[in-house]
Amino acid sequence: MPRRILFIIMLLCCCLTIAVAADKKFTLVIDAGHGGKDGGACANRAKEKDINLSVALAFGKYVEQNCPDVKVLYTRKTDVFVPLHGRADFANKNKADVFISIHTNSVERGTSIRGMETYTMGMRRSDEKRSAAMRENEVILIESDYKQHYAGFDPKSPESYIIFDIVNETNMAESVELAQLIQKNVCSTAGRPNKGVKQDAFLVLRETSMPACLIELGYITTPSEATYLTNKTNVDAMARGIYQAFVAYKNKRTQTASPTQPVQPAHQERPTQPVQQEQPAVEERPSEAPAQQSEVQQPATTDAGSAPVFKVQILASDRQLRANDRQLKGLSGVDSYKEGNLWKYTVGASTNYQEIYQLRKDVLSKFPQAFIIAFKNGERVDAAEALKEYRRNNNR
């Protein structure tokens, strides 16, 4: 092929690539926490789900009116219930560049706390009996299939939170940067008491594949906070602060300038019709395997010895699965054990935590809910304590 023709073809391909890249909008997914049958925290004649939605819509309106280069998507725009995994799936399927989840905090009755805090994904503090994430994660308990979908994860059990020892290092720095911008701008613009940027084990953040953070606007259980959070003027001020933070973050990432101070006013009007959006796929119940196929076997000797043995738990089921069951997604080397009324399925078995750490990463594409558990002398043990023992034994 003559060089001139080859050069022209290469030039056309380059131009096409640039055009496609330029045409792709920066995608923002706004997640209004709770909704529908899940009211979230309720106190002082206010409901968390309503506060979250009003701020989410006001924030989204600011972006829509001032950032034509941004595609704004919502996990919900009306009072409907969306499972936690559905929110993350929606962001992942739409290849979002940023995921911002909006919530309202609460504490036990008789305790008065004020202020806003912003969270990124991370290990919860071991000295905290009931963190914000534990309360927000309990929404999965009203999902009919939560034990199967979240691989037996118990939002009330501190042991379950060992899974959050593994976080997405790729997006962590950007998530923290975004959270810091939000915390600074909202506290300044809306006059919120600043409780800082923190890390905690939020399920809705765990399964997102982009920079993400979760905002706790204030404490609905404190009367003065509830009054503040339900005031339209304050809702607008909080939304404007989140907008300013988002624009500062986006401008740095894309090198394209959107106005930090919005040109047009935003309103908190709710749409009269539900927004049409792609719904997360419902997992199809697999058909029964052929009768001759053997069932997944329980491990016999993999847990012998004094050192803790780590495994990756991939799912839980109320029935014993056969080795070729579609729920196992073709994964080989699967073991099972029974706990209560559930059969729980694992892969891998090693006293080397790093090997299991890597194995979990390898299976995340098929089982994003997978987490690490531990056994000792054939009995399941607290995974957090097992990890501490492993680190002591290996001087880590």
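In the predicted model, ring pairs join Phe310, Tyr353, Tyr357 and Tyr390 into a cluster. The structure contains eight aromatic pairs. Charged side chains also lie over aromatic rings: the charged end of Arg192 sits over the ring of Tyr228, 4.6 Å from its centre, and Lys311 lies over the face of Phe375, at 4.6 Å from the ring centre.

An open sheet is built from six strands in the order S4-S1-S5-S8-S6-S7, with mixed pairing. Strand S4 (70–74) and strand S7 (194–200) form the edges, each pairing on one side only. From one strand to the next, the twist averages 20°. Strands of a sheet pair through backbone hydrogen bonds, either parallel or antiparallel. Strand S1 (residues 26–32) is parallel to S4, and five bridges connect the two; within this pairing, Leu28 stands opposite Val72 of S4.

Helix H3 (residues 84–93) packs on the sheet and touches S1, S4 and S5, its direction making about 170° with that of S1. Helix H9 (residues 232–254) lies across S1, S4, S5 and S8 and runs at about 150° to S1.

Strand S8 (residues 212–219) is largely enclosed by the rest of the structure, because eight of its eight residues are buried. Strand S5 (residues 98–105) runs parallel to S8 and is joined to it by six bridges, with Ile215 in S8 as the bridge partner of Ile102. Strand S6 (residues 116–121) is antiparallel to S8, and three bridges join the two strands. In S8, Leu214 is the residue opposite Tyr119.

Definitions and conventions
Residues numbered from 1 in each chain as written. Predicted model: local features only at pLDDT ≥ 70, side-chain atom pairs only at ≥ 80, totals over all residues. Heavy atoms only, no water. Phe/Tyr/Trp six-rings, centres within 6.5 Å; stacked < 30°, edge-to-face > 60°. Lys NZ or Arg CZ within 6 Å of the ring centre and 35° of its normal. Buried < 20%, exposed > 50% of the residue type's maximum accessible area, 1.4 Å probe, protein only. Helix = DSSP H or I, 4+ residues; strand = E, 2+ residues; numbered from the N terminus. Pairing = 2+ DSSP bridges. Axes fitted to C-alpha atoms, helices over the stretch in contact; angles between N-to-C directions. Contact = heavy atoms within 4.5 Å.
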